[in-house]
Every structure is written in structure tokens, then in C-alpha cells.
Amino acid sequence: MVYHWQSHNVKLSGVDDMVLLSTVTDDAIVDNLKKRYMDDYIFTCIGPVLVSVNPFKQMPYFGDKEIEMYQGAAPFENPPHIYAVADNMFRNLIIDGENQCVIISGESGAGKTVAAKYIMAYIARVSGGGSRVQRVKDVILQSNPLLEAFGNAKTVRNNNSSRFGKYVEMEFGAGGQPEGGKVSNFLLEKSRVTSQNPGERSFHIFYQLCSGTDQATKRELGLVQIECFLYLSGGGSHKVEGTNDAHEFNETLKAMSVMGLDKSRQNDILRAVAAILHLGNITFTEKGNYAEIASPPSLQFTAHLLQVEKEQLSSKLRSRKFDSKWGNEADSIDVTLTLEQATYTRDALAKAIYTRLFDFLVKQVNEAMQTNVAGNSIGILDIYGFEIFERNGFEQFCINFVNEKLQQIFIQLTLKAEQENCVHSTP
């Protein structure tokens, strides 16, 4: 159906604000959200909190018309919307001169990342103008596709799931114009580089690279069919419905350019990504309880892409240094690894390379957004949501623990604000 915005012409679907429910129970809240969702009302308020239900489709009310409608509008003047939250934050920043923060919470696949992008896009649209300011806006907005390419992946619940935590600070001058920003990242799911659950993919950039590069670049990087790379074979799922990896790859390259990365540096980044894929194809055999390289071509090409000697790479994969001390004497010897240890070392190296590459990209984004102008900021917290699998690893424990702590802080702040209102309103 068409979503009607004029209040006199809106179909009544439940209540806009669930504090108006006659009976506030779990069943009543769920029933109200379901009624609104079935009529394409994905936003519902509960006091100062906005509840958003992921429609898993593109909705028609995120255009210029809606931006104009919510810009400067009074609370409750329009139906609940993510733009209303963003506008309220921006006005509080300008009028009160105080830093603002929005917490986006929910399970994996709830739509947190998309909500964060809508908030950033709205604020960038309604804030100050000028060529220099537009450059700042471009950098802030283009940081999304770049970090998503390297930090997001397809999971069972979500085709574009954030596999890292992100806290974005948009910094503003006295007149409300964007001056810069900062991105803080944490909890990158680096284990996804080497293995994936059934039906899932590794990080988007691997598939973008294999699909979007031209033939000359493919030959240079040794790229073949995705099925040939062991690190991408775990999930058994290479295509994502509604996603064009080749097109997304061009968007990633464009975002790199906006961040100030020239062609040479971009090529270095792509070489590192390709090197990880070839590193995963290095296999071992056991010879007298010790590991030997079973795939010399993969070893040689990985060393070529990493610009190291293949003998040096082979040595680091098959052995480790052991420091010993006897009295005042210190010695260092090479200990040859077993097949299992060598495989673990190979995977640890791949995860370490990818983690450092991701940290470098975040650093590059921050350098592009850096500003010396003192002012206020709007913080947007977007972390990946809680997850429950048949087999939960340590990373899932960390993710769920952080979400529980975040929810606890949110409840405390909300209750504290309500308690203060009650105290101030008491005669």
C-alpha cells in the first residue's frame, strides 16, 4: 500500500506511541507492532524511543519529501520516523550546544546498519553547505561503503551484516556545519576470513574482487573462480540475492578515492586481499611428524603478492622461533611445526593481515575526516546484534555480552531520565 503522511488521511493501524496502549503487555506490544508492520508502518514510538521493524524491502518514504517534512517539525507533528530522531538530535546540538548520541540496538538482521546510514544521510542533508563542507559530507558518507566492503558479510539472518562494531562521531562547528568526524571500530570478526558457517559468506571484498576486476587485474592477482579458493568454500554460498558484487566493487574503489587513497595504494590493498586468498590455498603434508608445503605454486604466488621471499614465507609457516635461557646464556632456535600447527599458523597469519588491513582503512578514514575545529558532535553507535547458533564460539559470547551491557546502559539512562522528570514535576 502507499504510505500516506497527512495525518487526516492516514489509515489507523494500532497506535503511533505505545505508551498510549490501554494494556501494556508483551502481547499487546507485539500485536501493535504486527498491525503496523502489515500496513507498512515500520516505525513506532514508545516514549522517546523509536522501534523499527526491518521490512526486508525498499520502502518509499525516505526521499526529499520526507526530509522536508521532518526538518524543524515539532515532536508528534508527523508519524514516527528515523528522520524525526535525527532531526531532534541535530536541533538539540544547535540549540543546546550539547553533544548528542544515538544507540541502535537489536538482534542480527534487525536493520541497525541501514538505520545508522539514514541518520547520517539526513544530518548531512540538513546541515550547512559550501564546497568545503560538501567535501566533509562526502568523506563521512563514503566511509560507509568502504568499511562495509571490508567489515560486512552475508549471514543466515542478514545479507549485509556488520561483522564489526562501529562508533561514528560527526563533528560540527558553531554554525551547525559538519567539520569532520571520527570512526572507532572494535570486535572485528576475523575468524570469518578463514571459515564460515553453512549458507554464509566471508567479507564482501573477497567476492567483489573476484567479480569486479578486469581480466588484466585478474591475471596480475592470480584470481580464478571463487570455488577454487579454500577460504571462500566454507559457507557454500557465493551469490547474494539483490547484490551485484561487480557494481559494489566499483563503489568500493570510488570510496577509496574519496578517502584520499591513490591508485598505487588501492592496488596495494587489493594485492593484500588477493594474497590472503592464495595463502588459504597453501596446504601441507606430514613428513616424519613435521609439516611440508604441499602446494608450491600457491606459496610462490602468495610470496609474490606480499613481496617477500618464498623461502622466508615457507619458513615462517612451517616453524617458529623458540627462545631459551640457561643461566646467563640465551639462545634462539627454530622449532619445526606439525601439520596441525602449520595449518593454524597459516590461518593466524591470514587473520592478522586482514585485521591490520582493516585497521589501516579505518585510520585512513579518520585522517580524511580529521579536523582541528572545536565544536560539538553527534555519535552513532552501530554494533552487530546478538546471535544464537547451534554452536556458539567465543566471538558470539563477546557480541552477546556487549549487547547485554549496552541494553543495560540504555535502560538505566531511560529510567533515570523518567525518574528525573517525575522528581521535577512533583509539587
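Student: How many disulfides does the count come to in this structure?

Tutor: Good place to start, and bear in mind that this is a predicted model. A disulfide is a covalent bond between the sulfur atoms of two cysteines. Here a pair of cysteine sulfur atoms has to lie within 2.5 Å. By this rule, the number of disulfides is zero.

Student: Which cysteine sulfur is nearest to that of cysteine 45, and how far away is it?

Tutor: Cysteine 45 is in no disulfide. The nearest cysteine sulfur belongs to cysteine 101, and the distance is 18 Å.

Student: Is cysteine 45 buried or exposed?

Tutor: The cut-off to keep in mind is that buried means under 20% relative accessible area. Cysteine 45 has a relative accessible area of 17%, so it is buried. Cysteine 398, with 19%, is also buried.

Student: What is the bridge partner of cysteine 45 in β2?

Tutor: Let's look at the strands here. Strand β1 (residues 43-46) runs antiparallel to β2, and four bridges join them. The two strands make a hairpin with two residues between them, where glycine 47 has a positive phi near 70°. Across in β2, cysteine 45 is partnered by leucine 50.

Student: Which residue in β9 stands opposite lysine 287?

Tutor: Strands β8 (residues 284-287) and β9 (residues 290-293) run antiparallel and are joined by four bridges. They form a hairpin with two residues between them, and glycine 288 in the turn has a positive phi of about 65°. Opposite lysine 287 stands tyrosine 290.

Student: Now for the rings: how are phenylalanine 62 and tyrosine 83 arranged as an aromatic pair?

Tutor: The structure holds 13 aromatic pairs. In the pair of phenylalanine 62 and tyrosine 83, the centres are 5.9 Å apart and the planes are at 90°, an arrangement that is edge-to-face. The pair links distant parts of the chain, with phenylalanine 62 in the loop between β2 (49-52) and α2 (64-70) and tyrosine 83 in helix α3 (residues 82-96). Both residues are buried, and the arrangement of their rings is edge-to-face.

Student: Why is the pair of phenylalanine 62 and tyrosine 118 stacked?

Tutor: Planes under 30 degrees apart count as stacked. The ring centres of phenylalanine 62 and tyrosine 118 are 4.0 Å apart, and the pair is stacked because the planes are at 10°.

Student: How many residues apart in sequence are the parts that phenylalanine 62 and tyrosine 118 tie together?

Tutor: Phenylalanine 62 lies in the loop between β2 and α2, whereas tyrosine 118 lies in helix α4 (residues 112-126). Ring pairs also link both of them into a cluster that includes Phe43, Tyr61, Tyr83 and Tyr122. The sequence separation between phenylalanine 62 and tyrosine 118 is 56 residues.

Student: Is aspartate 245 buried or exposed?

Tutor: Aspartate 245 is part of helix α8 (residues 245-258). Leaving aside neighbours within four places in sequence, its contacts are Arg201, Tyr207, Gln208, Ser211 and His238. Two of these contacts also meet each other: arginine 201 lies over the face of tyrosine 207, at 4.0 Å from the ring centre. Because its relative accessibility is 9%, aspartate 245 counts as buried.

Student: How far apart in space are alanine 368 and histidine 238?

Tutor: Alanine 368 lies in helix α12 (residues 339-369) and counts as partly exposed, at 24% relative accessibility. Not counting residues up to four places away in sequence, alanine 368 touches Val139 and Met259. From histidine 238, alanine 368 is 130 residues away in sequence, and the C-alpha to C-alpha distance is 33 Å.

Terms used
Residues are numbered from 1 along each chain as its sequence is written. This is a predicted model: local features need pLDDT of at least 70, side-chain atom pairs count only at pLDDT 80 or more; totals for chains, interfaces and linings use all residues. Side-chain values use heavy atoms; hydrogens and water are left out. Buried means under 20% relative accessible area, exposed over 50%, partly exposed in between (1.4 Å probe, protein chains only). Contact means heavy atoms within 4.5 Å. Rings of Phe, Tyr and Trp (its six-membered ring) pair if their centres lie within 6.5 Å; planes under 30 degrees apart count as stacked, over 60 as edge-to-face and the rest as tilted. A charge sits over a ring if NZ of Lys or CZ of Arg is within 6 Å of the ring centre and within 35 degrees of the ring normal. Two strands pair if DSSP finds at least two bridges between them.
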